[in-house]
Amino acid sequence: MDKFTVHTGRAVPLRRSNVDTDQIIPAVYLKRVTRTGFEDALFHAWRANEPGFVLNQDRFAGASVLVAGPDFGTGSSREHAVWALMDYGFRVVISPRFADIFRGNSLKAGLLTVMLAEKIVQRLLDDIEDDPSTEVTIDLIERQVRWTGEVHDFELDDYTRWRLLEGLDDIGLTLRAPEYIDSYEQSRKPWLPALTTR
Amino acid sequence: MGKTLAEKLWEGHLVHTAPGEPDLIYIDMHLVHEVTSPQAFDGLRLAGRGVRRPDLTLATEDHNTPTDYTLPLLGTSSIKDDVSRTQIETLRRNCAEFNIELYPMGDVEQGIVHVIGPQLGITQPGMTMVCGDSHTSTHGAFGALAFGIGTSQVEHVLATQTLPLDRPKTMAVMIDGELAPGVTAKDVILAVIAQTGTGGGQGYMVEYRGSVFEQMSMEARMTVCNMSIEWGARAGMIAPDQVTFDYLKGRTHAPSGADWDAAVEYWHTLRTDDDAEFDAEVTLDAAAISPFVTWGTNPGQGAPLSGSVPDPADYVEASDRISAEKALAYMGLEAGTPLRDIKVDTVFVGSCTNGRIEDLRATAEVLKGHKVADSVRMLIVPGSMRVKAQAEEEGLDQVFTDAGAEWRQAGCSMCLGMNPDQLAPGERSASTSNRNFEGRQGKGGRTHLVSPLVAAATAITGHLASPADLVKS
């Protein structure tokens, strides 16, 4: 996973709440067995059917920060939603609230999801709509979002922040101490179900 | 202070805990399907890692599988879509390479991952269960801690049989009293979601408590827990009791003999202590719940069937108002329209929410002696091949086909339309599944979430209806 420290880029205003993962990437694209190449699938229905959709507007082309309404990423657990956002070029999503599974997936894959109060997100949406060239800085070291005249702290637990700053692989971290797992397995109830393997 | 059921389950699976780090939680059973696993297996290969506990891993094919093939089925020739077929074949290769038990299409044990776990007795009280599928919360009906994970976490569990997780808070949903006749588990959970909103359970492990849940069958409890994710909850659970034990006894993977006695003794301890405290509580009145349907494009946009399509202007929050306006535009509905006046083209009975034998019995009970309206296509898809066999043994398939419904093979089917079972653009369905998102059942398709009873009555009348409407007419 790439390290994430400080990112500065232009932003796209997605003024919608409850953006579910079926909208971020429709199920038909989940049939692929690769981990990359999902950029064409991102928000496919909205891009195809709504000429005015923000990602169809030239003035927001090349942006790397997505700013959305509350409850972003609800629904299906598909991590493809995170991959599609990253493949399209997004490094950060800002919303007042994220669905749990989506947020967990994003922070594992290296897409930074930042929660700011709804009022602040509204101001950011207004500002980038007024001036699409607005540069937004997301500083993971200071845990701050900054843009013209605005500075706002955001919360992220120390552990996740450290993991993202260092670009560390979760599995590698767990396997540093396999003895904990060995020892837990000794204490499992004897009747718990197990499959016969091939 | 005592502990909640969720806290007991969490603490019983702590592999390691350290200040400033997430807890490392042991996973007792990992369910795998074709859609969210290929990239995880690839990750293992790239890192030179194996599967730590293939014996605690079970795979099935469900999301992509067609439902209109005939048995006996050999190979994957009935899958016409090349990409779908590749995904199924990839799962078969991965399971062979990593030594994982797989129930392929056509197998007597094949079915939707959340239907086969309980029916095999693999889902048991006190366990932790995960799957790369958000409806894993279904298994919480047994007093298990069960939740959906993403593909990175699938890979993590395959490699280590553990997950590093921050401990969620706890919430109780309390519903006491008696449900009116004709009110089902599906109506209960749709009413909960309409009250809490899609984000109401965010960050919580939820326990459903009160006499309404105690009186439910295991299958009804599964319907409730299944939709926990639709209001954002990390997990949903119901404390195990005699209903749970009776369901489990004698199933293939349930403990037997002395193990059964020891297990039941332990399972009895899996209750929230009287002096335990939840971080949050939600209360509903059982008597106030009636048959419930959705009108919008998220599961929280629902209302009693007796009501009307709401007016977006009535919403206080701007984001709710915009969301309702967009939903009505997508759904092609006018504010104020009585919900009973909404005509549908398709009725789908099935899915991990309502694809079990009791759901099919309820559907058949309503359909018996009636015909599906000429304007309606009705698709009935059993949740598993075992459910299918049971239904056929009871003659339910005959009731369905006599009424003019299509009776299919097992799978996820039209719940998400990854297989050929899809809505056409603009087509409207009444569906016993769990999500009414835009395009969920097919590009441009419009979905109303309903119970099996409402689905069956709707199929007969051609518009949203409950069985009570049939008696009147």
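In which loop of chain B does B:Y69 lie? With which residues is B:Y69 in contact, leaving aside its neighbours within four places in sequence?

Modeller: The model is predicted, so local features are given only at pLDDT of at least 70 and side-chain atom pairs only at pLDDT 80 or more, whereas totals for chains, interfaces and linings use all residues. Residues are numbered from 1 along each chain as its sequence is written, chains are lettered from A and ligands numbered from 1 in the order in which they are written, and side-chain values use heavy atoms, without hydrogens or water.

B:Y69 lies in the loop between β4 (57-60) and α3 (82-98) of chain B; helices (H or I, at least four residues) and strands (E, at least two) are DSSP runs, numbered from the N terminus. B:Y69 is buried, with a relative accessible area of 6%. Here buried means under 20% relative accessible area, exposed over 50%, and partly exposed in between (1.4 Å probe, protein chains only). Contact means heavy atoms within 4.5 Å; with neighbours within four places in sequence set aside, B:Y69 is in contact with B:S78, B:M105, B:G106, B:Q110, B:M385 and B:Q409. A polar atom of the B:Y69 side chain lies 3.4 Å from the backbone nitrogen of B:G106. By C-alpha positions, B:P299 is 230 residues from B:Y69 in sequence and 32 Å from it in space.

B:S78 is found in the loop between β4 and α3 as well. This serine is buried, with a relative accessible area of 17%. Beyond four places in sequence, B:S78 is in contact with B:P66, B:Y69, B:L73 and B:M105. B:S78 and B:D176 are 98 residues apart in sequence and 48 Å apart in space, C-alpha to C-alpha.

Helix α3 of chain B contains B:E97, whose partner B:R45 lies in helix α2 (residues 38-47), 52 residues apart. B:R45 is partly exposed at 34% relative accessibility, and B:E97 is partly exposed at 48%.

A second pair belongs to one helix: B:E392 and B:K388 both lie in α14 (residues 385-393) of chain B, four residues apart, about one turn of the helix. An α-helix has 3.6 residues a turn, so residues three or four places apart point the same way. The two side chains meet in a salt bridge of 3.2 Å, N to O; B:K388 is buried at 12%, whereas B:E392 is partly exposed at 33%. Salt bridges that share partners also join A:D182, A:E185, B:R52, B:R53 and B:D55 into one network.

The setting beyond chain B is its contact with chain A, which takes 58 residues from chain A and 82 residues from chain B. About 5900 Å² is buried between the two chains, 56% of it from carbon and sulfur atoms; buried area is the accessible area (1.4 Å probe) that two parts lose on being put together, summed over both. Eight salt bridges cross this interface, among them one between A:R35 and B:E155 (3.7 Å, N to O). The side of chain A that touches chain B draws at least two residues from each of α1 (21-24), α2 (44-49), α3 (80-88), α4 (100-109), α7 (170-174) and α8 (178-186). The largest share, five residues, comes from α8(A).

A:D22 lies in helix α1 of chain A and counts as buried at 4% relative accessibility. Apart from residues up to four places away in sequence, A:D22 touches A:S76, A:R78, B:F437 and B:R440. The side chain of A:D22 makes a polar contact with that of A:R78 (3.4 Å); such a contact is a pair of N or O atoms within 3.5 Å, where within protein one must be able to donate a hydrogen and the other to accept it, and residues adjacent in sequence count only if both atoms are side-chain atoms.

Definitions and conventions
Salt bridge = Lys/Arg side-chain N within 4 Å of Asp/Glu carboxyl O.
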